[in-house]
Amino acid sequence: MIRLPLSEPLPGLERYALDLLLDLARVPLVDDPSADVVRLLVAERDAGDPDLKTCIARDWYWERGDGSVAIPRTVLRRIADVATGAAEYRATARDRYDRVPSGANVLVQGGLETDPVVSRAAVRLRAAIIASAGRRPVALAAPWPGGKRWAAAFTHDLDIVAYWPLFTLLRLAELSRKGELGRVARTMLAALSAAGRDPVGQAVRRVLDDERAHGVVSTWFVLCGTPTLTTMRAGDLTYSPEGAAAKRILRELLEHDCEIGLHGSFATADRPELFAQQRSRLERLIGRSVLGVRQHFLRMHPGKTHRGMAAAGFRYDTTTGFPDRNGFRLGIADVIPVWDAVTERPVGMDEALFCWMDRTLSKYTGIEDPAAWVAEAEALAQACRQVEGLWVGVWHPNLTPALGFPGAPAAFRTLLARLVAEEPFLGTLRSIVEWRAARRSIRVRHLAPDGRIDADASVPAPQPLSLEDPAGRVLLAVTR
């Protein structure tokens, strides 16, 4: 718990950074002005203009006192720069898919992209608050439901359904260029065996069966535009969602209680009005509301694309991550409100940040061994566990032997088993986003002299909320 005795309102971006830190730190605000709890101050005395690595080395310049912690405003601005991707808004360079290149990211420039540095800053802030409390009471929001200390979400992009032999030929050419002759031979044998069958549909069923065996319910992102020769050549829209094969897959996803979101086509990045059309089309097909979106090939324009998503009624996006490396693009392993650096205000939706994708290593760095993909996923999951955060991974169900990935299905089973063994909270992205919004809304309304706490949440939660002490012992359940 903490009070904010601010003498004057902070500018929007600085207040966003402050609220973000407190949310990630799991420290609820106290509305009771008489409560004797730790006070969080914003120090006007700046520590110069330290760069990111200096902030980390100096423990973010937190100033601890008896019952108070002070944060320099320059540090808030530095955190805001990272957590909003401000440098990428200013970037003019684009890659061949019209994306802001990873090299424009400040964490990549500093070699820090595999470390959730902002999440770690929040952990250090929580430690400073606990250390400064003395005999004052400290209550923290429990990190995840059911006593879990971190969370994991498995997500899938349905990029390919029809015309699979064409994609097998493209993959064979890719493997041949790399000299992967053994994988070429295994792919050809698998493709010949799959002739006349539906290897993509079979791969989807295999993924669903593997997940069910581990108690995982996943989130799937589905293309919902009309394919043309142009879109297929570009690798964009490759199937009709109303086609027989796609409809079979959608039925199976619904039978497994999976969440289905929109995989926004390339054109939505430039024409945000298409989001509403594609969302409505998908909702008609599945008979359910569609609240999540991820851009195909992660193609989006900072600010503009998020505004289009919000206008179309999406609750959350999960596009923010790197296409050509795995890591934490905003230095955060969690769900956060989206900030628009152009309009300088919140967009009105959340971002479920993903940190790992299967094809990143093989496509961009030439590493074809699926065991290496899994090892990187585990390393990033370990970082998420350390900050009690959220690991979001992307697995493409078309990574199957007949389409050129002979070792991939076994690797996915290994990944499932290893991550689930670490006992994360497991859920669809929708359930995780909704629960995190509820946790973010917890407020302590009153603190009695005998230590009794009156707290509530202004947003309904799909799973129970609670407050705990610094040792992780539950103090009370929080109701709406």
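**View 1. The hairpin of E16 and E17, with glycine 451 at a positive phi.** In this predicted model, the hairpin of strands E16 and E17 has 5 residues between its strands, and glycine 451 takes a positive phi near 95 degrees. Follow the two strands and you will find 5 bridges pairing E16 with E17 (residues 453-457) in the antiparallel sense. Arginine 443 is a handy place to start: its bridge partner in E17 is aspartate 456. Arginine 443 is also the bridge partner of leucine 29.

View 2. Leucine 465 stands opposite valine 478 in E19. Strand E18 also has 2 bridges to strand E5 (residues 140-141), and this pairing is antiparallel. In it, leucine 140 has glutamate 468 of E18 as its bridge partner. Take a moment to look at the two faces of E18 (residues 465-468): Leu465 and Leu467 on one side are buried, and so are Ser466 and Glu468 on the other.

**View 3. An open sheet of 3 strands in the order E2-E4-E3.** The pairing in this sheet is mixed. Strands E2 (39-43) and E3 (63-65) are at the edges with a single partner strand each, so each has one side left without a neighbour in the sheet. From one strand to the next, the twist averages 25 degrees. Strands E2 and E4 (residues 68-72) run parallel and are joined by 5 bridges; in one of these pairs, arginine 39 has serine 68 of E4 as its bridge partner. Helix H3 (residues 73-83) packs on the sheet, where it touches E2 and E4, and its direction makes about 65 degrees with that of E4. While you are here, look also at aspartate 59 in the loop between helix H2 (52-57) and E3. Aspartate 59 is not a glycine, yet it has a positive phi of about 55 degrees.

**View 4. Leucine 298 and its surroundings.** Leucine 298 sits in the loop between strand E9 (292-295) and helix H14 (304-311). Its phi is near 60 degrees, a positive value in a residue other than glycine. Is leucine 298 buried or exposed? With 9% relative accessibility, leucine 298 counts as buried. Leaving aside neighbours within four places in sequence, its contacts are Arg99, Thr319, Gly321, Phe322, Pro323, Phe354 and Met357. For phenylalanine 322, the separation from leucine 298 is 24 residues in sequence and 8.1 Å in space, C-alpha to C-alpha.

View 5. Glutamate 252 and arginine 205 form another salt bridge, their closest N and O atoms being 3.0 Å apart. Glutamate 252 counts as buried at 18% relative accessibility, whereas arginine 205 is partly exposed at 32%.

View 6. Aspartate 210 lies in helix H9 and arginine 413 in helix H17 (residues 408-421), 203 residues apart. Aspartate 210 is buried, at 14% relative accessibility, while arginine 413 is partly exposed, at 36%. Elsewhere, salt bridges link Asp23, Arg315, Asp334, Asp350, Arg436, Arg439 and Arg440 in a network.

**View 7. A nonpolar patch on the surface.** Tyr163, Leu166 and Leu169 form this patch and together have about 340 Å² of accessible area. Leucine 166 is found in helix H7 (residues 164-177) and, at 48% relative accessibility, counts as partly exposed.

Methods:
Residues are numbered from 1 along each chain as its sequence is written. This is a predicted model: local features need pLDDT of at least 70, side-chain atom pairs count only at pLDDT 80 or more; totals for chains, interfaces and linings use all residues. Side-chain values use heavy atoms; hydrogens and water are left out. Two strands pair if DSSP finds at least two bridges between them. Helices (H or I, at least four residues) and strands (E, at least two) are DSSP runs, numbered from the N terminus. Axes are lines fitted to C-alpha atoms, for helices over the stretch in contact, and angles run from 0 to 180 degrees between N-to-C directions. Contact means heavy atoms within 4.5 Å. Patches are made of residues with over 30% relative accessible area and no salt bridge: like charges are joined within 9 Å, nonpolar side chains (Val, Leu, Ile, Met, Phe, Trp, Tyr) within 5 Å. Accessible areas come from the Shrake-Rupley method with a 1.4 Å probe; for residues, only the protein chains shown count as cover. A salt bridge is a side-chain nitrogen of Lys or Arg within 4 Å of a carboxyl oxygen of Asp or Glu. Buried means under 20% relative accessible area, exposed over 50%, partly exposed in between (1.4 Å probe, protein chains only).
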